Protein chains: 2
Amino acid sequence: MINLYDAQTKCLVALDSIIFGFDGEVLKILLVKRGIEETPKTWSLMGGWLRPDEDLDQAASRILKELTGLENIYLEQLSAFGAPDRDKISRTVSIVYFALINVVDYDDKISDSYEARWFALDDLPPLLFDHGDMIRMAIEKLRYKAAQHPIGFELLPEKFTIPQLQKLYEAIFNTTFDKRNFSRKFLSTGLLKKLNEKQRGHSKKGAYYYQVDLEKYQSEFNTFLNFTRVSSNS
Amino acid sequence: MINLYDAQTKCLVALDSIIFGFDGEVLKILLVKRGIEETPKTWSLMGGWLRPDEDLDQAASRILKELTGLENIYLEQLSAFGAPDRDKISRTVSIVYFALINVVDYDDKISDSYEARWFALDDLPPLLFDHGDMIRMAIEKLRYKAAQHPIGFELLPEKFTIPQLQKLYEAIFNTTFDKRNFSRKFLSTGLLKKLNEKQRGHSKKGAYYYQVDLEKYQSEFNTFLNFTRVSSNS
């Protein structure tokens with residue numbers, strides 16, 4: 001009897017993680033410099049191989065920590081990439097994860113012992129394998145999410161100014177927004193709470209800080225869900 | 001020099017597809033009966049192994065066709081599952097896909113040569129490996145999507161009645177909705193066009209058929225995106 005399992009192609013399984021960060025001015029991606037085998041060192045996502053005893057999520061977190069020192073970051077699975085020739089040396093299927101972080105909160109936690117560096121989205125270096133495609137898909141996902149909900153808040157510090165928020169949305173959508181319209185429309189969502197405090201040093205007038213009204217944000221998150229749930233009699 | 005590639009664990013890569021179907025009354029999942037090696041035959045998702053020359057999407061489509069006869073169905077990647085012990089015989093990472101179809105449109109295309117059968121969501125048989133977890137995650141995704149947009153429309157025939165729409169939403173959210181509220185709230189979205197035609201045989205009075213206003217549906221799909229885009233000056 002033929003052993004069905006033994007007759008199948010075996011693959012390496014890699015985990016690659018995309019870390020988006022916003023520093024208040026520019027949307028960035030964290031990259032490391034890696035060389036595999038005899039290939040020259042190239043900038044790449046935080047990647048490595050699955051070990052026998054690991055679940056996928058565990059492996060992604062372990063690899064991120066090994067290459068950057070970062071831990072306790074919520075990594076969300078984006079997609080699996082498995083084109084037959086994506087890694088020329090050995091058939092490898094990569095499971096891609098992504099995370100959004102606020103650069104200021106994490107920058108000093110990135111270990112100096114690795115060549116990890118932030119790159120602006122519009123100024124990425126040549127990348128290993130199909131890592132450019134992975135990043136493009138992650139940006140699409142980020143745009144989709146930011147279009148559905150004000151997801152960008154996750155990338156901002158706890159208190160932020162409207163110009164910072166606008167810069168973030170301009171970076172995500174790679175466009176520019178009219179200043180007065182952007183401000184008026186975002187304030188009209190009622191999701192922002194104005195603080196009695198101004199940002200210093202950026203302009204003579206200064207810009208007020210805002211915070212997200214988390215309670216309202218949560219309740220508005222699933223607009224259509226609420227719409228259906230409200231009509232439930234169960 | 002150690003060959004880094006050879007030192008890594010190799011895995012089998014499986015593709016498993018979840019096909020949701022709605023027949024106007026009940027939300028169902030298509031399953032096939034499979035036995036691998038000496039295991040007794042168990043109901044399972046449409047699953048099989050990745051071949052050396054295939055991309056992941058190609059493999060999922062090929063397997064779906066081999067096991068059910070169905071082709072040209074848009075399969076969306078859901079997630080990769082890779083717990084170390086999910087398949088006891090060999091370490092296998094599964095890439096899971098899902099699709100939404102209207103049962104009526106496809107039922108006669110499902111080949112009789114395979115043991116493929118529709119099961120109501122609330123009456124699933126015991127399933128192979130972690131296929132139950134995969135289905136639970138797919139239902140969560142379906143609920144999330146149906147909460148964001150009226151995604152359920154994809155599962156309905158081209159023209160449908162409000163009671164059919166309500167049954168679909170009740171099946172997705174596993175709840176019941178008040179009839180008058182559901183109807184009033186859905187009609188108030190302005191996404192439905194009433195046809196001058198009634199469904200026969202279901203009740204004395206008969207229920208009017210509706211169609212989705214596709215143009216309006218598209219333009220409302222990305223509500224928040226529109227909100228930001230409108231304010232763009234680029």
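Modeller: Let's start with a strand pair: in chain A, β8(A) and strand β10 (residues 207-212) pair in the antiparallel sense over two bridges. Please keep in mind as we go that this is a predicted model.

Biologist: Happy to. Which residue in β10(A) is the bridge partner of Thr161(A)?

Modeller: That partner is Tyr209(A).

Biologist: And how do I read the sheet as a whole? What is the order of its strands in chain A?

Modeller: The order is β8-β10-β9, in an open sheet of three strands with antiparallel pairing. The edges are β8 (160-161) and β9 (192-199) of chain A, and each of these pairs on one side only.

Biologist: Now chain B. What is the strand order there?

Modeller: Chain B has an open sheet of three strands ordered β8-β10-β9, with antiparallel pairing. Its edge strands are β8 (160-161) and β9 (192-199), each pairing on one side only.

Biologist: How many bridges join β9(B) to β10 of chain B?

Modeller: Five bridges do so, and the two strands run antiparallel, with β10 covering residues 207-212. To find one of these pairings on screen, pick Leu192(B): its bridge partner in β10(B) is Val212(B).

Biologist: How do I tell whether a salt bridge is local or links distant parts of the chain?

Modeller: Look at where each partner sits. Arg51(A) forms a salt bridge with Glu66(A), with 3.3 Å between the closest N and O atoms. This pair links distant parts of the chain, 15 residues apart: Arg51(A) is in the loop between β4 (46-49) and α1 (56-68), while Glu66(A) is in helix α1 of chain A. Arg51(A) is partly exposed at 40% relative accessible area, and Glu66(A) is partly exposed at 36%.

Biologist: Which residues are linked with these two in a network of salt bridges?

Modeller: Glu54(A) and Arg62(A) are; together with Arg51(A) and Glu66(A) they make up the network.

Biologist: Could you show me a pair within one helix?

Modeller: Gladly. The side chains of Arg143(A) and Glu140(A) meet in a salt bridge at 3.7 Å, N to O. Both residues lie in helix α3 (residues 131-148) of chain A, and they are three residues apart, about one turn of the helix. Arg143(A) has 23% relative accessibility and counts as partly exposed; Glu140(A), with a relative accessible area of 49%, is partly exposed.

Biologist: Which residues is Asp130(B) in contact with, leaving aside neighbours within four places in sequence?

Modeller: Phe81(B) and Arg86(B). With Arg86(B), the side chain of Asp130(B) is joined by a polar contact of 2.7 Å.

Methods. Residues are numbered from 1 along each chain as its sequence is written. Chains are lettered from A and ligands numbered from 1 in the order in which they are written. This is a predicted model: local features need pLDDT of at least 70, side-chain atom pairs count only at pLDDT 80 or more; totals for chains, interfaces and linings use all residues. Side-chain values use heavy atoms; hydrogens and water are left out. Two strands pair if DSSP finds at least two bridges between them. Helices (H or I, at least four residues) and strands (E, at least two) are DSSP runs, numbered from the N terminus. A salt bridge is a side-chain nitrogen of Lys or Arg within 4 Å of a carboxyl oxygen of Asp or Glu. Buried means under 20% relative accessible area, exposed over 50%, partly exposed in between (1.4 Å probe, protein chains only). A polar contact is a pair of N or O atoms within 3.5 Å; within protein, one must be able to donate a hydrogen and the other to accept it, and residues adjacent in sequence count only if both atoms are side-chain atoms. Contact means heavy atoms within 4.5 Å.
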